[in-house]
Amino acid sequence: MAAAASSSSPPAVITCRAAVAWGPGQALVMEDVEVAPPGPLEIRVKVVSTSICRSDVTQWQSTAQPDLFPRIFGHEASGVVESVGEGVTEFQVGDHALTVFIGECMSCKHCVSGKSNMCQTLGLERKGVMHSDQTTRFSIGGKPVYHYCAVSSFSEYAVVHSGCAVKVSPTMPMDRICLLSCGASAGLGAAWNVADVSKGSSVVIFGLGTVGLSVAQGAKLRGASKIIGVDTNPDKQEKGKAFGVTDFINPAELNEPVQQVVKWLTDGGADYSFECVGDTGVVSTALQSCSDGWGLTVTLGVPKAKPEVSAHYGLLLSGRTLKGSLFGGWRPKSDIPLLVEKYANKEIQVDGLVTHDMPFSDINKALELMLQNSCGGVIPFRRRPSFLPELGFRAKGKSGNGGGGVMIWLTPV
Ligand SMILES: NC(=O)c1ccc[n+]([C@@H]2O[C@H](COP(=O)([O-])OP(=O)(O)OC[C@H]3O[C@@H](n4cnc5c(N)ncnc54)[C@H](O)[C@@H]3O)[C@@H](O)[C@H]2O)c1
Ligand SMILES: [Zn+2]
Ligand SMILES: [Zn+2]
């Protein structure tokens, strides 16, 4: 249980529970961690909900940065501002916020360009520290515990830069809109901002997890007439339909290359293809699946290995384009409030992406589900409302295939 400072005193160190990774792929351990007060322009957030993005899993398993352990993963989250650092004017204690893995400083070359979300000051943080001073805000017994994407939401409290958080209305359900802090927004933005999918067009999406399903939703809302979903998990056929997928291909059931089937279904190749798996081999397949002349491939996946993409040069000479995108091109502060508003107005669906609701203490079970690929990649951890009794959760049942596996709802009784 966290020990926090009173609202009148300056923020002090908080000790709280966090799920700490001690080494690549090792089960997370619930530890008491110290969380430093927010530094200048930073805020400390009491995390209410966090989901596991596939990127958390990929990075947790990766052996590429062994020096960045112990480490706290998690970046797709919502919470309440607990304290603010010097110079913060945008947030007040008690504000509800989404954390974001790429921030917006509003003043660098990219932020003022109006055509990029690759902020030069608060961009994707890869060294396990905070942007401002290159140190950590977490420690155990005085020894640093590294961050992930300068968010680290697998903790009851996290310090983030105020430029890496977006204020949201307290009426919004925290355990659903947290998906807008990464996967759902990344997919919608890839369809709308990056590809700019047009009415009547054909689209093929490789991988129907949170990201791919959100691309499908974005394409459907743009009026695409054919939306082909490709996934090795057969359960994604049904799930995909709810997000606009019109045709489903399981590559494991084909005798011919998947790109040939796509070409057959689209009279020579799709107008747009999207890679939402995290496999550079699939990037090449996606490029081969789109049309000569104008076909556009947008790649979103974060590869586990082999970051090089190989493709026959002729694919480019024949007029195809390959583009990448982080966070769907959204500038978080400028754009995410609009997405939250669309959610509030029921113009976009997010709730259907959630496959499991689980308590924070079950985080290793959630990771196990991700590794078995038996969920949609979306598992929010809901903080128990304080008015509920300690043991106020029960498994309500098991039903359907939802995002592809067992659906367990942990509901207050
Ligand atoms: N660019 C960004 O801003 C951004 C944001 C979030 C996630 N990501 C990355 O996007 C990718 C997808 O994320 P997610 O959360 O939707 O993941 P996910 O694990 O929920 O979904 C991936 C889907 O791909 C399917 N799949 C696996 N191998 C396949 C193959 N060879 N062919 C077809 N389907 C296959 C799986 O069955 C699963 O349904 C990951 O690499 C993740 O790290 C990128
Ligand atoms: Zn993510
Ligand atoms: Zn910037």
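Reply: Let's start with β1 and strand β2, which spans residues 29-35: the two pair in the antiparallel sense over seven bridges. To find the pairing by eye, look for Ile14, which stands opposite Val35 in β2. Keep in mind that you are looking at a predicted model.

This pair belongs to an open sheet of four strands, and the order across the sheet is β1-β2-β6-β7, with antiparallel pairing. Which strands stand at the edges? They are β1 (14-20) and β7 (143-145); each has a single partner strand, so one side of each is left without a neighbour in the sheet. Neighbouring strands here are turned by 50° against each other on average, if you ignore direction.

Now move along the chain to another sheet. This open sheet has six strands, in the order β12-β11-β10-β13-β14-β15, and its pairing is parallel. The edge places go to β12 (247-249) and β15 (321-324); because each has a single partner strand, one side of each has no neighbour in the sheet. On average, and with direction ignored, neighbouring strands of this sheet are turned by 20° against each other.

Inside this sheet, strand β10 (residues 202-206) pairs with strand β11 (residues 226-230) in the parallel sense, over five bridges. A handy landmark is Val203, which stands opposite Ile227 in β11. A helix joins the picture too: α8 (residues 280-289) packs on the sheet and touches β10, β13 (272-275), β14 (296-299) and β15. The direction of α8 makes about 175° with that of β13.

The crossing in which α4 passes α5 is right-handed. Among the residues that make the contact are Gly183, Ala184 and Trp192 of α4, together with Thr210, Val211 and Gln217 of α5. Sorted by class, the contact has ten nonpolar, seven polar and no charged residues.

Finally, a word on confidence. The protein chain has a mean pLDDT of 89, and 88% of its residues reach 70 or more. Over residues 384-413, however, the pLDDT is below 50. Beyond near neighbours in sequence, that stretch has 48 contacts in the model.

Note on methods:
Residues are numbered from 1 along each chain as its sequence is written. Chains are lettered from A and ligands numbered from 1 in the order in which they are written. This is a predicted model: local features need pLDDT of at least 70, side-chain atom pairs count only at pLDDT 80 or more; totals for chains, interfaces and linings use all residues. Two strands pair if DSSP finds at least two bridges between them. Axes are lines fitted to C-alpha atoms, for helices over the stretch in contact, and angles run from 0 to 180 degrees between N-to-C directions. pLDDT is the predictor's confidence in each residue, from 0 to 100. Two residues are in contact if their C-beta atoms, placed from the backbone, lie within 7 Å. A crossing is left-handed if the near helix is turned anticlockwise from the far one by less than a right angle, and right-handed if clockwise. Ala, Val, Leu, Ile, Met, Phe, Trp, Tyr, Cys and Pro count as nonpolar, Asp, Glu, Lys and Arg as charged, and the others, Gly among them, as polar.
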